[in-house]
There are 2 protein chains.
Amino acid sequence: MKANIISIGDELLIGQTTNTNASFIGNQLSEININVTKVVTVGDDENAIIDAFETAFAKADIAIVTGGLGPTHDDVTRTCVVKFFNSELVENEEILEDIKSLFGKRNREVTEINKAQALVPEVAEPIRNAHGTAPGMWIEKDKRIFVIMPGVPYEMKAMMNDFVVPRLAEILEGSKSKIKRSTLQTTGIPESTLAERLGDLDELLEGGKLSFLPSIGGVRLRIEVEDEDEKAAKNKLSEIEQKIKSKVGRYIYGRDDETLEEVIARMLEERQLKISTAESCTGGLIANRLTNISGSSNYFERGVVCYSNASKVEILRVDEDLVAEKGAVSMEVAMQMAEGVKSTSGSDIGISVTGIMGPKGATTDKPVGLVYIGYCDDKVCTAKKHIFGNERLLNKQRTMRAALDMVRKQLLGISLDD
Amino acid sequence: MKANIISIGDELLIGQTTNTNASFIGNQLSEININVTKVVTVGDDENAIIDAFETAFAKADIAIVTGGLGPTHDDVTRTCVVKFFNSELVENEEILEDIKSLFGKRNREVTEINKAQALVPEVAEPIRNAHGTAPGMWIEKDKRIFVIMPGVPYEMKAMMNDFVVPRLAEILEGSKSKIKRSTLQTTGIPESTLAERLGDLDELLEGGKLSFLPSIGGVRLRIEVEDEDEKAAKNKLSEIEQKIKSKVGRYIYGRDDETLEEVIARMLEERQLKISTAESCTGGLIANRLTNISGSSNYFERGVVCYSNASKVEILRVDEDLVAEKGAVSMEVAMQMAEGVKSTSGSDIGISVTGIMGPKGATTDKPVGLVYIGYCDDKVCTAKKHIFGNERLLNKQRTMRAALDMVRKQLLGISLDD
């Protein structure tokens, strides 16, 4: 099955928005073995959109279209669907109810232009939008499938996950050779070192495929195996995973989409431990991650964003003289911060960070990128020095990841040495 | 002048890489008033590439092509250039010297496959690559311009900045009409309400163009005007901006790329005010945003992520009985949190949030999405109720934006009513 992705929106052409929708959709389709042959981006322009529809209809089995479904004058995608499929707009009651209920929840009145969003071309089956007012459309005609969705990423993603991907997968079921994929998530090891430690890849993979996908957070290892027999494919995949784990297991924190905070949350909940954070340079980013998970109040007690020295002393009981002597960015202060937040909160674990995120703030002996991360529990109180880069926001991200990974390693009894 | 962007690479189709090259190029071309009408992404496949070349040649004046110029077997773009333009490969001495010198610098020997990269189609003028071994190509034929560059972002960007954009600008100089653009950033008002308040767009714009670009953070309004005279275009743009501001000015927090936190930071610094945060449901996200700006210690004193009730009482001195009576998610507790973080930190402003982010945690009278935001300064202590949606992470984002916007409005003396 061949697919085209059609992205609609002036903001994409002029580069004001990067087309992350196309990469999300491309990724989702590949996962279910649909072959994306082309991505086309056009503006909010009827001729260009219909032209892209025509090409997709002629050359592909599936077209996934996003964008141009909003309620304002520059949104013309629905009009193009009506023209291209020679259909008519019909009010859909279920969609109208969805829109009313969405507005009701937010205590807002439904305007006429929003009501008009319940008009769906007759040729299409509407796809309900859990997060917005524009419904998606599923159209089957002459053995082609056209899926049209809003361009707002979270609305589109929910439709893909809840409706489009499962439906396409169902249609595709019965395709012969079975492909199995998994991703091992690593952090704290550079791509080149990872490649070196994995050694000879042909030997490791025995016909499977391995991709290195580096990002700020770490390197993801994507494994793919193919076999006519589903069970054989599964076994091969798990064999490769085991071999990789035996070589670089300590850097692997999760599988597939697992996040570091999910892994930590699970361990804390299982062991009924509470954690608290004392953050200077990350400004709340670690606490934010730890509380991204529903039910985080079970393991997260409190966080202190102790930006000023006064807040370190007053809330965390860090020794004022120590700050004066060693400086706020020091191994000793990091340890006292972790100890302080643990004891004042009555938590089982305290984690702390202090550092210089840049671009300003460096001193002669303390460069931009210098970070100390402190960790305290009932048995151990320790701190680790890191030197990251020059980019403020990347440094905040890296520090947050390193702090969470320090918690993971301590909980698993993995040594903190590299 | 119309341009097509052609991006080549399997990794783009399967979504392993997001096409940031296309947005960079789109942005650069718009800046010099070249109208990008289409972005096409195809795989490393000769037929698909030549097909894209043909369409661009037929429908555009300029094609900017990236990717598929590497030294390995799956890079076929140069072969396609040779076939499409019916040309021949010729060794280019200058490029060969560049390659040798690059390898010399890195202490590596030049391999045969790298030497082969100095072969350039006769029809093309080579573009030197300051950061890699694959040269770019500039081709002019039948009044069309084809530019072919490597897909490695920093190699491509250097070629664009140093060679392609200046050359195109030179060619375009003297082209008549001037285009001016700006973006007004709004928050706290839905797209449909914004459209209604702006009223008749033809009257508002008098020939200019307006796009609504919604995202989680708010709706961006992009204005575009065109005039033969540059000054007239500028005046027209500023006139439209003024008209929009007179209708929905209170929702506009910034222009072009400005962020809400930058706007607030500037005001706080100018007035020499310090702010502190008391966050329950956002878990540190507000503090994180406020500290994304270098030099934030000038205006940010501290943040408290008071997840547990104990932390609200101990650090912020919220009345324990009040929490028991009204619940942690209440107007009264929000106000005490804001007051408490302001006074205990000695800051000028305290901002607080408490709410139910979901999906768990709702009670009969307190639904998921319920949030109270508190604000205190030396003159006023207030709180505002919001009802957001069901998605935890979106709710955290929305709450953070609403809290920052509350600070902005208070600093500007804008009423908090909708």
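# Chat about a predicted two-chain model

Me: Where do the residues a few places apart in a helix point, and why?

Reply: An α-helix has 3.6 residues a turn, so residues three or four places apart point the same way.

Me: How far does α10(A) reach from its first C-alpha to its last?

Reply: Helix α10(A) covers residues 230–248, 19 residues, and reaches 27 Å, close to the 27 Å expected.

Me: Stepping back, is this predicted or experimental, and what pLDDT does chain A average?

Reply: The model is predicted. Chain A averages a pLDDT of 93, and 99% of its residues score at least 70. For the complex, the predictor gives an ipTM of 0.78 and a pTM of 0.78.

Me: What does chain A look like overall? How many helices and strands?

Reply: Chain A has 16 helices and 17 strands. Its C-alpha atoms fill a box of roughly 80 × 60 × 40 Å along the principal axes. Of the 418 residues in chain A, 46% are buried.

Me: What share of its contacts joins residues 24 or more positions apart?

Reply: Such pairs account for 65% of the contacts in chain A with a separation of 6 or more.

Me: Now the other chain. How many residues of chain A are in contact with chain B?

Reply: 66 residues of chain A are in contact with 65 residues of chain B. Several elements of chain A each supply at least two residues to that side, including α1 (10–13), β2 (35–42), α12 (285–290) and α16 (392–412).

Me: Which element gives the most?

Reply: α2(A) does, with eight residues.

Me: And how do the residues on that side divide by type?

Reply: On the side of chain A that touches chain B, there are 25 nonpolar, 31 polar and ten charged residues.

Me: Which strands do bridges join across the two chains?

Reply: β14(A) and β14(B) (residues 300–305) are joined by three bridges and run antiparallel. V305(A), for one, has G303(B) as its bridge partner in β14(B).

Me: Switching to chain B: which residues of α4(B) are buried?

Reply: In α4(B), residues 77–84, the buried ones are T77(B), R78(B), C80(B), V81(B) and F84(B). Seen down the axis of α4(B), they fall within an arc of 160°, so they line one face of the helix.

Me: What covers them?

Reply: The cover includes β1 (2–8), α3 (46–59), β3 (62–66), β5 (119–121), β7 (136–141) and β8 (144–149) of chain B. After α4(B) comes N86(B), which has a positive phi, near 50°.

Me: Last one, V313(A). Where is its place?

Reply: V313(A) is in helix α13 of chain A. V313(A) is partly exposed, with 18 other C-beta atoms within 10 Å.

Me: What is V313(A) in contact with, leaving aside its neighbours within four places?

Reply: V313(A) is in contact with V318(A) and E320(A). As for M337(A), 24 residues apart from V313(A) along the chain, the C-alpha atoms of the two are separated by 9.1 Å.

Terms used
Residues are numbered from 1 along each chain as its sequence is written. Chains are lettered from A and ligands numbered from 1 in the order in which they are written. This is a predicted model: local features need pLDDT of at least 70, side-chain atom pairs count only at pLDDT 80 or more; totals for chains, interfaces and linings use all residues. pLDDT is the predictor's confidence in each residue, from 0 to 100. Two residues are in contact if their C-beta atoms, placed from the backbone, lie within 7 Å. Helices (H or I, at least four residues) and strands (E, at least two) are DSSP runs, numbered from the N terminus. Ala, Val, Leu, Ile, Met, Phe, Trp, Tyr, Cys and Pro count as nonpolar, Asp, Glu, Lys and Arg as charged, and the others, Gly among them, as polar. Two strands pair if DSSP finds at least two bridges between them. The expected span of a helix is 1.5 Å times one less than its number of residues. A residue is buried if 20 or more other C-beta atoms lie within 10 Å of its own, exposed if 12 or fewer, and partly exposed in between; C-beta atoms are placed from the backbone. The arc is that of the directions from the helix axis to the C-beta atoms.
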